[in-house]
Amino acid sequence: MKKMHLVASPELRGRVIFLLCALILFRVGAHVPVPGVNSAALAELYRGGPSNNIFGMLNMFSGGSLERFSVFAIGVMPYISASIVMQLAAEVVPFLKSLKKEGEQGRKIITKYTRVATIAFAAVQSIIAAAFVFEQGVVVVDKLEFFVSSVICLVGGTMFLMWLGEQITERGLGNGISLIITIGILASMPSSVEKFIVLCGERPILSIILSLSILILVCFVVFFENALRKIPIHYAKGGRSLHLTRDDKSAYIPFKLNMAGVIPPIFASSIMSFPMILIGWISGRSVVSNNKLLAQMIGILQHGNLSYILLFAACVIFFCYFYTALAFSPKEMAENLKKSGAFVPNIRPGDQTSKYLEGVVMHLTLFGSLYIATICLIPELLTLFD
């Protein structure tokens, strides 16, 4: 009876309807092209070109919007980039760090700064995307007109998606930005399923192996994402130490194996792809076409090459340590434990606790970074056997 009442709840029903309408609006906007582009020629270009570059990844995240060069072509990636930068800056810049400690009021101010940074990121990415499309020879209007209209449409589309994601979070179900990205990825599922069915008909043994590999990979990711290192703690009370049971959440400090989340792969992908975007943008010019240095850089940064794999893995591992060092303060945590009358067994409060927690986190980050790097490199390693 309670489940039926929950399903029939007007508030829940309203949230579900709003979520569905918002996602439908997102998919409709993904098919509205930017003025001045021959959409058929651009789609043919994407079908004939490689999909394992940065534009292929952004096209997947935007649900095919970049392939059609729609108003949502750059999606919510500028907002994600701005959020990550502001999150890192809040751990480094004293002004933002003080705002972070002010609670809800400080969070609202940081959100405003994030929106301003989103406009800047969106403007840069829209110019790069417009330049890439213009170089393909599929633009049917004047260059200046195309760039102005493209930047306005793409930046406006990103800001609209940012607003739509916030509305979904507030009035719908779940995190709006995450749902928009998820729907964008799921939009490519039909074509992927079609390719897989064709593969099953041509190579049934290979398709079975791939299916089992995907299942094992999912279990592997779930296992590592739920992995925790629990540091037991005692609470002093009345001159004696009170040890809470391990079933009680307050009896230990949980540390995730993957403390950095998806931030290291995003940063690593951006850094590795940015030189390729610039080189690809100007590669058609005569001053660059005969440059051996740029040719060597293209070879080094090409997807699937061993040099790219090693550099990308190094970047992922570096950013895992970098982000963890910024987001986690062992000294602050040790001080908070000391103030609350808590301590780690056999570890003196204060500096020794700080050093102990730092050692635990660095040890976990080593295995967490290797795990993240392994997951991210699986597609790259598969290209070696393609």
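Start with helix 8, which gives the most to the lining of the second largest pocket, with eight residues. Helices here are DSSP runs of H or I with at least four residues, strands are E runs of at least two, and both are numbered from the N terminus. The model is predicted: local features need pLDDT of at least 70 and side-chain atom pairs count only at pLDDT 80 or more, while totals for chains, interfaces and linings use all residues. Residues are numbered from 1 along each chain as its sequence is written, and side-chain values use heavy atoms, with hydrogens and water left out.

**The pocket.** Select helix 6 (77-92), helix 8 (104-135) and helix 9 (143-171); each supplies at least two lining residues of the second largest pocket. A pocket, on a 1 Å grid over the protein atoms alone, is an open set of points with protein on both sides within 12 Å along at least five of seven lines, and lining residues have an atom within 4 Å of a point. Next show Tyr 79, Ser 83, Arg 107, Thr 111 and Thr 114, which lie nearest the pocket centre among 23 lining residues. The volume of this pocket is about 680 Å³, taken as the space filled by probe spheres set on grid points joined across faces, edges and corners. Coloured by class, the lining shows eight nonpolar, nine polar and six charged residues. Ala, Val, Leu, Ile, Met, Phe, Trp, Tyr, Cys and Pro count as nonpolar, Asp, Glu, Lys and Arg as charged, and the others, Gly among them, as polar.

**Asn 258.** Move to the loop between strand 4 (252-256) and helix 13 (263-282), where Asn 258 lies. Asn 258 counts as buried because its relative accessibility is 5%, the cut-off for buried being under 20% (1.4 Å probe, protein chains only). Its side chain reaches the backbone nitrogen of Gly 261 at 3.1 Å. Leaving aside neighbours within four places in sequence, show Glu 225, Tyr 371 and Ile 372, with which Asn 258 is in contact (heavy atoms within 4.5 Å).

**The cavity.** Asn 258 also lines the second largest cavity, along with Leu 257, Met 259, Ala 260, Cys 320, Thr 324, Thr 365, Gly 368 and Ser 369. A cavity is a set of points where a 1.4 Å probe fits but cannot get out. This one has a volume of about 40 Å³. Select helix 16 (306-327) and helix 18 (351-384), each supplying at least two of its lining residues; helix 18 gives the most, with three. The lining divides into four nonpolar, five polar and no charged residues.

**Zoom out.** The protein has 18 helices and five strands. Of its 386 residues, 35% count as buried.

Terms used. Buried < 20%, exposed > 50% of the residue type's maximum accessible area, 1.4 Å probe, protein only. Polar contact = N/O pair within 3.5 Å; in protein donor to acceptor, adjacent residues only side chain to side chain.
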